[in-house]
Amino acid sequence: MLSPAAQIGSDDSERDGVFKKSLHATYFFCHPPAPSLSPLMGSSITLSGCTEELEIPLVELNGDAKGADTAEGTPLLGSELDSDSEEKEQVLFDPNDPSMARYTKHGVWDHWEDISLAPTSLFKLKLPHTIAAKIKVPRDVYRGWPYVARMLTDMATVEGSKTYFTFYLIMSTLSSVLPSLDLWYNSQFLRMIEVAVETRTVNKDALLRIAGGQVVVSVLQRGLRSLGNHLNERFDKRVGRKFASRAFRVAARLDVPTHGDSSVRQTIDSLYYYDENPLTRGSRDVVQLFSDAVNFATQCGVLFSVLQGHYEGAQFLLVVGILRLLYDIAADAAPSRSRYRGRGAYAAKTTDDDYLQKSGLESMVAQDSYRKDIVAGGLGDVVSQQYDRRMHNLSDKPTDLRHIDAVTGLARVWQIILDHAESPFDVFCQMYTCLQVVNSPSSAPFSLSTLHLVTSTVSSLNNQLSSLGRSIEGISDDVLSIRRYYETVDMPNKIPDGLTPFPENEFDLSNGISVEFKNVSFKYPDGTGKNVIDNLSFKIEQGQLCVIVGENGSGKSTILTLLTRIYDISEGQILLNGHDIRTLRLADVRKAVAVLYQEYTIFPLPFSQNIGLGDPNSLEDMDMIRQAAELGGAAEFIEELPHKYGTYLERPVYDRWDPEPSKHSAYAGKEFDFKDLKLDEGESDLSGGQKQRIALSRTFMKSIVSSENVVGLLLFDEPSAALDPKAEHDLFTRLRKLRGSKTMIFSSHRFGKLTRHADLIIYIAKGQLMEAGNHVELMKKDGEYAKFWNMQVEDFLS
Ligand SMILES: Nc1ncnc2c1ncn2[C@@H]1O[C@H](COP(=O)(O)OP(=O)(O)OP(=O)(O)O)[C@@H](O)[C@H]1O
């Protein structure tokens with residue numbers, strides 16, 4: 001498993017400390033020791049020097065993170081380097097000591113960061129963007145264009161987005177024209193100076209006009225840039241929320257066979273994370289591309305008009321271009337926040353309820369294991385509503401740790417130097433030409449004004465070109481994502497919905513639901529191809545208690561699964577109150593049937609929600625939730641937990657910390673004690689029986705405690721498998737007492753406790769009916785059931 005430190009660069013919603021997407025970790029190539037002293041620990045700690053840093057993609061191997069060897073040497077993780085170093089020392093990372101840690105409140109996160117780092121590796125070369133990536137762009141854009149058009153139409157329906165979008169587009173277009181205007185004014189100004197030197201006269205009106213124009217352009221440039229950024233951010237958030245919410249809805253509505261399709265799941269996974277929504281990125285990139293293209297075209301126009309008649313300037317342009325490229329490479333190598341991050345000790349903690357629950361809901365719809373419960377519980381809508389509510393509460397609060405500005409100290413200085421190196425570079429070009437003019441006027445390629453215009457335009461064009469390149473490359477990916485998004489949005493579920501409401505009137509269910517299997521055969525879509533249920537027929541009357549018995553693998557669970565239409569049968573008919581289940585509205589069937597599957601799941605939500613989701617209308621009603629927990633036998637142990645009903649079985653978001661800071665940190669080689677921060681609070685593991693009690697409580701919430709008495713059929717698949725004998729006895733007694741006249745079906749292979757009270761026992765083997773009747777009848781028959789019963793009694797007596 002990766003250390004939580006590695007998680008910092010990953011998506012927030014990663015679980016179990018394991019990366020699933022592309023990620024990078026910091027590796028160090030160690031050269032002969034270049035000692036440096038820790039500013040915090042005085043002279044007692046000496047660190048080996050590491051002078052180069054590279055980012056190397058990790059591959060997940062046996063749950064561990066390994067970096068690929070490179071030709072230059074074998075990369076070592078910080079922890080491996082530590083092993084040969086100094087004695088380990090117990091240090092309390094005191095988050096409250098400003099000389100040790102920097103505290104940042106970043107949205108939903110509290111973040112403490114080791115401030116002892118002194119960056120030594122400032123450079124990291126990046127390969128230039130590949131041409132190949134750009135070549136496939138037009139094709140991708142062409143194929144995906146209908147989807148992009150649909151996205152733009154959809155974006156227009158987001159409240160307020162039309163205004164934002166229009167303004168943003170105007171800003172971008174204006175901003176893209178301004179640099180050329182600025183260049184033009186500059187050249188006019190220089191031209192005027194040249195004329196003034198030659199003729200000793202100045203046209204004051206023109207001078208004022210030019211100076212005024214320049215001021216206006218400069219103010220506009222800055223103003224539009226910040227306004228554009230602001231609008232961009234707001235626009236992104238609004239559109240992002242809408243698309244994330246829609247994608248979540250799509251994911252939540254998928255049925256089991258559709259969700260089981262790995263390609264569907266992959267697309268869903270990549271879509272609904274709010275921070276990473278490719279559609280938001282797509283919309284922004286489309287505008288950016290447009291703006292870059294306008295900017296590029298106008299500047300080319302300026303350059304073209306200037307160079308007309310100055311063909312000797314081509315050589316000069318080449319020199320300037322190369323110099324400019326070198327500058328860009330240096331700028332590209334500047335330290336970025338992501339490269340700096342993760343090298344020191346840090347801890348990040350979140351207790352934001354909205355963020356935790358939003359992440360929990362995301363895991364819930366993403367993972368296959370929860371799907372059956374979501375579908376059978378008809379939870380698609382309620383989880384979507386909950387998700388929207390959490391998103392709304394989160395509003396613009398940042399949730400992504402990567403946005404904390406981690407670049408400080410020297411690295412920051414280096415960044416600033418590079419940011420400002422651009423002007424001296426341009427000045428250098430001008431100086432060079434000035435000297436040429438002075439030394440040999442006839443060899444000078446341009447006049448001073450033209451020179452200024454050319455160098456500035458070249459410099460600006462260069463920027464524009466790389467920006468355009470990035471936009472084009474990004475667009476290709478965006479188009480693909482947008483296309484996948486809409487294909488998924490439009491994808492129908494594999495289980496078609498019925499049209500008939502069920503029940504036709506609500507009182508129909510007060511006496512339970514009758515269930516009939518008529519020559520039913522079924523095989524799993526991803527199974528062996530053999531019928532798991534084979535020409536099975538039986539009828540359970542309204543209000544009966546039925547127990548389905550049979551050996552392992554005989555098809556008991558499958559029968560219950562078919563009754564909630566998780567899958568559709570291959571042949572025959574299943575009737576509920578005499579109606580073919582396929583004709584009934586799915587949502588109604590799932591409302592009328594409460595089910596506890598053998599592989600029940602505990603959602604990555606607080607226990608209160610896990611139980612409350614049994615009755616979405618009473619999700620916040622703690623009295624009802626407590627009552628359901630009492631019935632399910634979960635109340636007692638939940639009350640004993642420190643966070644009671646707010647406890648998670650598994651937190652959907654883990655706090656993060658770095659127990660192994662790099663060699664550059666003052667904390668290198670020491671052990672950490674973060675206990676004061678109480679990280680990862682609110683999580684509690686449960687025994688199998690306790691988990692089953694929580695799942696049972698959810699079923700009780702739906703069927704017994706619910707404010708709406710709409711359940712007519714209760715299905716329990718081995719509900720006592722993980723319970724101790726006393727809990728099992730209590731449960732069955734309670735169930736018999738509380739069910740009223742609802743129909744109840746159990747599946748069990750340990751049937752002693754139940755079958756004697758059953759109105760009907762169905763004995764199946766290999767998906768076929770062997771015997772049916774009550775206990776007395778079947779014992780009299782002395783067939784398979786009696787054989788099984790006697791075997792269990794013998795086991796008990798011997
Ligand atoms: N999702 C699935 N995909 C493919 N095959 C499955 C699936 N679930 C069950 N099966 C197969 O269907 C058959 C019946 O399984 P089922 O779970 O209904 O039996 P069961 O009687 O409930 O068994 P147990 O008593 O062990 O719970 C088994 O052969 C099983 O391997």
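Predicted model: local features only at pLDDT ≥ 70, side-chain atom pairs only at ≥ 80, totals over all residues.
**Entry 1: H5 against H11**

I started with helix H5, residues 204-253, and helix H11, residues 353-366. Their axes come within 8 Å and cross at roughly 45 degrees. I put H5 down as oblique to H11 because of that angle. The crossing is left-handed. Then I asked myself which residues make the contact. From H5 I found Phe-248, Ala-251 and Ala-252, and from H11 I found Leu-361, Glu-362 and Val-365. I sorted the contact residues by type and got 5 nonpolar, no polar and 1 charged.

**Entry 2: Asp-580**

Next I looked up Asp-580, which sits in strand E14, residues 579-580. Is Asp-580 buried or exposed? I have it down as buried, because its relative accessibility is 13% and the cut-off for buried is under 20%. I also checked what its side chain reaches, and found the backbone nitrogen of Arg-582 at 2.9 Å. Setting aside neighbours within four places in sequence, I listed Gln-573, Ile-574 and Leu-575 as being in contact with Asp-580.

**Entry 3: H17 and what comes after**

Last, I went to helix H17, residues 556-563. How many of its residues are buried? I got 7 of 8, so I wrote H17 down as mostly covered. The buried ones are Lys-556, Thr-558, Ile-559, Leu-560, Thr-561, Leu-562 and Leu-563. Just after H17 I came to Arg-565, and its phi is positive, at about 55 degrees.

Terms used:
Residues numbered from 1 in each chain as written. Heavy atoms only, no water. Axes fitted to C-alpha atoms, helices over the stretch in contact; angles between N-to-C directions. Helix = DSSP H or I, 4+ residues; strand = E, 2+ residues; numbered from the N terminus. Parallel < 35°, antiparallel > 145°, perpendicular 65-115°, else oblique. Left-handed = near helix turned anticlockwise from the far one by under 90°. Contact = heavy atoms within 4.5 Å. Nonpolar A, V, L, I, M, F, W, Y, C, P; charged D, E, K, R; others polar. Buried < 20%, exposed > 50% of the residue type's maximum accessible area, 1.4 Å probe, protein only. Polar contact = N/O pair within 3.5 Å; in protein donor to acceptor, adjacent residues only side chain to side chain.
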